[in-house]
Amino acid sequence: MHIDIDKDVCIGAGQCALTAPDVFTQDDDGYSTLLPGGEGSGSPLLREAARACPVSAITVSETVS
């Protein structure tokens, strides 16, 4: 899976980190960032975390090999 966080759109609400704490965290300024290895975690809450973002700053897509 590929996860993209649009840093220009993110408002730092933290819903992603609350929903999928094994994938997302917040940086020192409060904005969303991926944890190391988060993109490959396969967390079942990953898509739910993207949906929880109030400004739709997170995009989750399947990677094509």
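Is serine 32 buried or exposed? In this predicted model, in which residues are numbered from 1 along each chain as its sequence is written, local features need pLDDT of at least 70, side-chain atom pairs count only at pLDDT 80 or more, and totals for chains, interfaces and linings use all residues. Side-chain values use heavy atoms, with hydrogens and water left out. Serine 32 is buried, with a relative accessible area of 4%, where buried means under 20%, exposed over 50% and partly exposed in between (1.4 Å probe, protein chains only). Serine 32 belongs to strand β3; strands (E, at least two residues) and helices (H or I, at least four) are DSSP runs numbered from the N terminus. Beyond its neighbours within four places in sequence, serine 32 is in contact with Ile5, Lys7, Cys10, Cys16, Phe24, Thr25 and Ile58, contact being defined as heavy atoms within 4.5 Å.

The largest nonpolar core comprises 15 residues, and Ile3, Val23, Phe24, Leu46 and Ile58 have the most contacts inside it. Such a core is a set of buried Ala, Val, Leu, Ile, Met, Phe, Trp, Tyr and Cys residues joined through side-chain atoms within 4.5 Å. Two or more residues of this core are given by each of β1 (2-5), α1 (15-19), α2 (46-52) and β4 (58-61), and the largest share, three residues, comes from α2. In soluble globular proteins, nonpolar side chains tend to be buried together. With neighbours within four places in sequence set aside, isoleucine 3 is in contact with Val23, Phe24, Leu34, Gly38, Glu39, Leu46, Ile58 and Thr59.

Threonine 19 is located in helix α1. A polar atom of its side chain lies 2.7 Å from the backbone oxygen of glutamine 15; a polar contact is a pair of N or O atoms within 3.5 Å, and within protein one must be able to donate a hydrogen and the other to accept it, while residues adjacent in sequence count only if both atoms are side-chain atoms. Apart from residues up to four places away in sequence, threonine 19 touches Leu45, Glu48, Ala49 and Ala52.

One cavity of 30 Å³ or more is present in the structure. On a 1 Å grid over the protein atoms alone, a cavity is a set of points where a 1.4 Å probe fits but cannot get out, and lining residues have an atom within 4 Å of a point. Grid points are joined across faces, edges and corners, and a volume is the space filled by probe spheres set on the points. The largest cavity has a volume of about 100 Å³. Among its 15 lining residues, Cys10, Ala13, Gly14, Cys16 and Cys53 are the closest to its centre. The lining has ten nonpolar, five polar and no charged residues, with Ala, Val, Leu, Ile, Met, Phe, Trp, Tyr, Cys and Pro counted as nonpolar, Asp, Glu, Lys and Arg as charged, and the others, Gly among them, as polar.

Aspartate 6, in the loop between β1 and α1, is partly exposed, with a relative accessible area of 32%. A polar atom of the aspartate 6 side chain lies 3.0 Å from the backbone nitrogen of aspartate 8. Glycine 37 occupies the loop between β3 (32-34) and α2 and is exposed, with a relative accessible area of 59%. Serine 56, in the loop between α2 and β4, is exposed, with a relative accessible area of 59%, and has a positive phi near 55°.

Conventions
1 Å grid on protein atoms, 1.4 Å probe; cavity = no way out; pocket = protein on both sides within 12 Å on 5 of 7 lines; lining within 4 Å.
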